[in-house]
Amino acid sequence: MQRRQTMVLAIDPVHPDPSIIERAAALLRAGEVVVFPSETVYGLGADALQTSAVERIFIAKGRPFNDPLIVHIAEEAALEQLTSSIPMQARQLAQAFWPGPLTLILPRSPLVPKLVTAGLETVAIRMPRHPVALALIRALGSPIAAPSANRFMHVSPTMAQHALADLDGRVPLILDAGPCEVGVESTVLDLCSRVPTILRPGGISLEALRTVLPEVQPPSRSPIYRVPEQATHGGTSLVRPVQGALPETEAQPSPGQLLTHYAPAVPLLLFDGDVPAMRASMLTELQRRLERGERVGVLVADEDVAAFRETGAVVQSLGDAAAPEQVAGELFAGLHALEEARVQVILSRSFDEHGLGLAIRDRLLKAAGGKVIMV
Ligand code: TXA
Ligand code: MG
């Protein structure tokens with residue numbers, strides 16, 4: 001695509017300047033794309049009702065057209081326009097979690113361009129709670145279709161600089177409102193299946209959803225390749241499936257749920273097991289790699305930092321392991337920071353699955369290409 005000038009404008013996250021919002025809205029009205037902050041990650045938005053504008057999203061990201069987009073709204077009334085029917089559960093969930101990091105899959109109305117839904121008869125809709133996102137949707141007077149503002153297959157941006165690094169020269173404007181609060185993408189909940197089912201764990205936990213709809217099902221498990229610990233020794237070919245490893249379950253293809261969806265630019269090895277054993281195994285692997293002259297990054301929690309401090313690794317802590325909100329908030333920024341530190345490999349610990357832990361584990365697993373080193 002043709003290179004163009006990318007402008008970055010700082011905007012107050014709580015009281016966005018209306019003249020900056022209007023500038024961005026004017027671009028969107030003219031069929032352009034704009035990067036804007038949401039409470040989860042930065043989005044790459046276009047007017048959802050203009051097909052040619054939506055097409056620009058796919059081109060700027062390098063995203064295949066078969067991966068549908070989320071439509072962002074500012075008022076619940078917009079549901080009437082975008083869907084062909086609104087199930088009771090949608091009303092209850094909207095009441096409880098909107099505005100917020102929950103995306104609902106609903107039956108689509110003919111008004112929604114086919115390009116947005118990748119030809120599906122369903123549409124993904126969410127009401128973000130970030131004041132800049134809401135102001136932008138209202139100023140445009142139309143819903144905004146937006147995926148995360150990263151190049152296809154890269155880690156989602158939680159800071160404007162991440163979006164700039166990926167999309168510089170490919171978008172006209174980035175609104176910079178500082179770091180995103182939640183740090184992982186929205187939970188995608190399918191309300192068109194027989195039982196409401198999570199397609200992608202995210203910013204609203206399974207436990208929280210069940211307080212409103214006790215029947216909500218967890219996401220089907222991605223195929224996990226359990227790698228015996230010794231299988232990592234000596235080899236650097238981490239991205240290829242390890243010989244002899246078996247998928248734990250059958251792959252459940254659902255759009256956008258590719259195992260390598262969130263792949264960082266460097267290979268990531270995910271360790272799992274109880275904390276002391278996991279830490280010891282990571283230290284062993286680290287030592288082996290340092291001796292070979294590799295530049296190694298480790299993704300850990302505060303409780304692990306002391307163990308890695310004097311080792312020569314680039315250490316990135318995601319905060320208190322017992323506070324999944326904190327870890328989620330730091331996760332993508334941590335991956336970006338290690339990439340920027342030019343490490344050749346990332347060794348990462350695992351976190352518990354409660355609350356936002358389910359989304360954290362999902363993103364780490366994807367970054368690891370679906371492989372876990374069990375210790
Ligand atoms: O937090 C978020 O959700 C961010 C911010 C910008 O809102 N957006 C985001 O968009 O993560 P994206 O495109 O990176 O992820 C959208 C997810 C994909 O997994 C996609 O396959 C799924 O939603 N999706 C969209 N429409 C769908 C549909 N009709 N049926 C099933 N899945 C759908
Ligand atoms: Mg994405």
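A residue is called buried under 20% relative accessible area, exposed over 50%, and partly exposed in between, with a 1.4 Å probe and protein chains only. The model described here is predicted; local features need pLDDT of at least 70, side-chain atom pairs count only at pLDDT 80 or more, and totals for chains, interfaces and linings use all residues. Residues are numbered from 1 along each chain as its sequence is written, chains are lettered from A and ligands numbered from 1 in the order in which they are written, and side-chain values use heavy atoms, with hydrogens and water left out.

The chain has 375 residues, and 55% of them count as buried. It holds twelve helices and 16 strands. Helices (H or I, at least four residues) and strands (E, at least two) are DSSP runs, numbered from the N terminus. Contact means heavy atoms within 4.5 Å. Among contacts with a separation of 6 or more, 69% link residues 24 or more positions apart.

Ten strands build an open sheet of mixed pairing. Their order is β1-β8-β2-β3-β7-β4-β6-β5-β9-β10. Two strands pair if DSSP finds at least two bridges between them. β1 (7–10) and β10 (197–200) each have a single partner strand, so one side of each is left without a neighbour in the sheet. From one strand to the next, the twist averages 35°. Axes are lines fitted to C-alpha atoms, for helices over the stretch in contact, and angles run from 0 to 180 degrees between N-to-C directions.

Strands of a sheet pair through backbone hydrogen bonds, either parallel or antiparallel. Both senses occur here. Strand β8 (residues 173–176) pairs with β1 in the parallel sense over four bridges. Strand β2 (residues 34–36) also runs parallel to β8, joined by two bridges. Leu173 in β8 is the bridge partner of Met7. Val34 also stands opposite Leu173. By contrast, β4 (residues 70–72) and β7 (residues 144–146) run antiparallel, with three bridges between them. There, His72 stands opposite Ile144.

Helix α2 (residues 51–61) lies across β3 (43–47) and β7. The helix runs at about 155° to β3. Its buried residues are Ala53, Val54, Ile57, Phe58, Ala60 and Lys61. These pack against β3, α5 (114–117), β7 and α7 (160–167). Just after α2, Gly62 takes a positive phi of about 75°.

Other backbone features lie in loops. The peptide bond from Trp98 to Pro99 is cis, with omega near -10°. Pro99 sits in the loop between α4 (88–97) and β5 (102–107). Met153, a residue other than glycine, has a positive phi near 80°. Met153 belongs to the loop between β7 and α7. Its relative accessible area is 29%, which makes Met153 partly exposed. Arg342, also a residue other than glycine, has a positive phi near 60°. Arg342 is placed in the loop between α11 (324–340) and β15 (345–348). At 67% relative accessibility, Arg342 is exposed.

The structure holds two cavities of 30 Å³ or more. A cavity is a set of points, on a 1 Å grid over the protein atoms alone, where a 1.4 Å probe fits but cannot get out; lining residues have an atom within 4 Å of a point. Grid points are joined across faces, edges and corners, and a volume is the space filled by probe spheres set on the points. The second largest cavity has a volume of about 30 Å³. Its lining includes Thr187, Ile198, Pro201 and Leu358. The lining residues divide into five nonpolar, four polar and no charged. Ala, Val, Leu, Ile, Met, Phe, Trp, Tyr, Cys and Pro count as nonpolar, Asp, Glu, Lys and Arg as charged, and the others, Gly among them, as polar.

Technical notes
1 Å grid on protein atoms, 1.4 Å probe; cavity = no way out; pocket = protein on both sides within 12 Å on 5 of 7 lines; lining within 4 Å.
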